[in-house]
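Colleague: I have a few questions on this model. Shall we take them one at a time?

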Amino acid sequence: MSEVLLSLKGLTKAYPGVVANEDVSFDIGAGEVHALLGENGAGKSTLVKTIYGLVRPDSGSMTLAGAPYEPTEPSQARARGVAMVFQHFSLFDALNVADNIALGMEKPPPMGELAQRIRDVSEAYGLPLNPSRTVGDLSAGERQRVEIIRCLLQDPKLLIMDEPTSVLTPQEVEILFHTLRKLREEGTSILYISHKLEEIRALCETATILRLGKVVATCDPRETSARQMAELMVGSVLHVPERAAAPPGEVVLELAGLSAPSPRAFGTALKDVSLQVRKGEVLGIGGVAGNGQDELLLALSGEMRTKPQMVQLKGQPVGHRPPDARRALGLLAAPEERNGHASAPDMTLTENAALTARVRKKLSRNGFISWRRSKGYAEEVIKDFDVRTPGPGNAARSLSGGNLQKFVIGREILQAPEVLVVNQPTWGVDASAAASIRQALLDLAAKGAAVIVVSQDLDELMEISDRFAALNAGVLTAPRPAKGLTMEQIGLMLGGAHDMHEAEADHA
Amino acid sequence: MGDINPILLLASLMVASTPILFAALGELIVERAGVLNLGVEGMMITGAVVGFAAGVGFGSATMGFIAAALAGAALSLIFGVLTQYLLSNQVATGLALTLFGLGLASLIGQSYVGIRAPATVRLDIPLLSDLPVLGRILFRHDFLVYLGLGMVAAVWYFLNRTRAGLILKAVGENHEAAHALGYKVVRIRLAAIAFGGAMAGLGGAYLSIIRVPQWTEGLTAGAGWIALAIVVFASWRPIRLLVGAYLFGGITVLQLNLQAAGARVPVEILSMSPYLVTIIVLVILSAGRGGAALGAPGSLGRSFHASR
């Protein structure tokens, strides 16, 4: 890569109390796929927002194609040929595909012409998309296509992709990579942000690794092992969870033909979900977001009631019972959204501990909460799970993602559940906290509890599950032993096969 | 009940609906931009009194309407600064705005009680107004009735056919995404809030200058609240909003006529009928289409701060 497209020199950006980027310098070559690696909070997002004109650096300079580059707003970045696909898609659910694309363009053509150009580009890059569909009805993969096509219509010189594969099935990832390689051949540079190391090794030529806002290393990912890169990111040696094998015991939880409509708009109904979970077993449930994971968790936790026989705990029908009744029987749950669902953000850790542990830890008597015992329980969780916080009197919102997640998972585990259901236990959590959460789930199973882990992180599921099942459009596949499953088999279970024929046609 | 003249009834329906139509159209734009301004009643009554005072002062109804629109917009910008820059709670601020507007209006209006409003230009459209039945119903009104209808069409066109309308909807749908794309969320919302205030002010002035036409305290009598309800039950769509406003106006006129004709129904029931019927009909209209089709803007009522 002889020619340099974008050059960053000494970029620094500080927020009150934290330096997000400190003296960051690196070059992106023309036609290069450049990886930006780092843990959550390493400063990746701030850096790309700076390049896209959403954040102004405190000091430092950028050069784009030989000329000074100081965007003060995204429209200037777009005018200079910089486009960005966001991690949490910047799409509007109630509008259709063409409207969404028009909103991201500086001078959109009339609607009829735009629709035709969307069709042309989507065919050229093997990304099938219908311009008149409402975005709220699209799958995550299709939504990402909307974002990508929005960028491609503006002939970008540099395409920034922030964690693009976190919501895709393995097959959808293949389609995306095919598109990105095609773009590289056409001379487009790509700045690719991810923490999935194997992907970066398959796609990128250069990787810049950030830790705590600073560039700590630059390497060629094709010649560096994933483990080496991970250790550069974390700055220490990684601990791999291990487990003591225990023979599975009797069935504790059974779902029998669980069908229920979603309580939310744009949600997914559960269709005839059946499964059995045994004592001492970890069942992993994979699937792309929005395929019924949230609804399954609601049905298990008791937030959504079903017919009594649909959920059976130790042979007892509980489908109609509310959460506290299920907790009393030993079925506990930790939902995905830690700020707002698993915890009340503005309440203290003591109060949050009392909210779910009241029944099993007997934190109340005659309707009055014992704050002394609640505080004791919160302190126990903080100590056992190494939650970094000044004390149980702090508000849940003041904790970092990883620490709060350790707290909400630990709060359930220390109640000694017989069945524990967790959704996305390590989403947005740094690698060391993720490892300790996974270890805690395995330890719980080794003590004889049944654990259901719902996650979109397939590596995580393969690491800790005994059996694996996938949710696709509200339907659960039959669980299979996790050992020996290939990525391709998993992909087919996830239902990633849709749209494959278009991509294949494009290969030919 | 032979005393009720259907032609007069239909003609006064259009007049009775116009204040609510204005206020509701303004609020529709505000809510489509993702802001919930519950101060419609306060802005209406402020518009009513300022418009009346200016109309009397200048001796011109047109000047009254202009002043009313400006007063409504000014009041709404207080709400705008509080909620958009100081990030105060929109519900509480809107309610406060209503209370403030009611108080302010009775203060300003003290010296105007019992005065007659200046005359308004009537648009007796030649030829058309001479048509036998339709002429009386449709073509012999003041220009604001036609302005209201024109605004419905303009708002529909703005929302569905223009890029500015698309951006407004985008800001209301997902303000974080709109910000990420580089749109000025706060500025767009302030413009929408000011438009909503001006429209509410016009609606109020229509009551005090044309409909009543004089200033009395509590003149709006809840019309602002009905406008708010109509926006929701019309699923944030201008054409349905017109249906809702005309329905409410129609039943108001009808029940007044029934009272005058001495119908054997308790007055209380007649008085509550416009509110009941409008809400029932609009609930039926918007039911059975599923939550998504209801179309509440995704960011409605949420504060936006560009911190992330």
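Colleague: Which residue is the bridge partner of Leu8(A) in β2(A)?

Modeller: This is a predicted model, where local features need pLDDT of at least 70, side-chain atom pairs count only at pLDDT 80 or more, and totals for chains, interfaces and linings use all residues. Residues are numbered from 1 along each chain as its sequence is written, and chains are lettered from A and ligands numbered from 1 in the order in which they are written. Strands are DSSP runs of E, at least two residues, and helices are runs of H or I, at least four, numbered from the N terminus. In β2(A), Leu8(A) is bridged to Phe26(A).

Colleague: How many bridges join β1 to β2 in chain A, and do they run parallel or antiparallel?

Modeller: Two strands pair if DSSP finds at least two bridges between them. Strand β1(A) covers residues 4-15. Its link to β2(A) is made by 8 bridges, and the direction is antiparallel.

Colleague: Which strands stand at the edges of the open sheet in chain A?

Modeller: The sheet has 4 strands in the order β2-β1-β4-β5 (chain A), with antiparallel pairing. Each edge strand has a single partner, so one side of each lacks a neighbour in the sheet. The edges are β2 (18-29) and β5 (67-68) of chain A.

Colleague: What radius of gyration does chain A have?

Modeller: The radius is taken over C-alpha atoms, and the globule rule is 2.2 Å times the number of residues to the power 0.38. For 508 residues, a compact globule would come near 23 Å. Chain A agrees with that, at 24 Å.

Colleague: What share of chain A counts as buried?

Modeller: A residue is buried if 20 or more other C-beta atoms lie within 10 Å of its own, exposed if 12 or fewer, and partly exposed in between, with C-beta atoms placed from the backbone. Chain A has 508 residues. The buried share is 47%.

Colleague: Which element of chain B gives the most to the side that touches chain A?

Modeller: Contact requires C-beta atoms, placed from the backbone, within 7 Å. The contact takes 14 residues from chain B and 18 residues from chain A. Elements of chain B giving two or more residues are α7 (163-173), α8 (175-180) and α13 (290-294). With 5 residues, the most comes from α7(B).

Colleague: What span does helix α11(B) reach?

Modeller: Helix α11(B) has 24 residues, 238-261. The expected span is 1.5 Å times one less than the number of residues, which gives 34 Å here. From first C-alpha to last, α11(B) is close to that, reaching 34 Å.

Definitions and conventions. Two residues are in contact if their C-beta atoms, placed from the backbone, lie within 7 Å.
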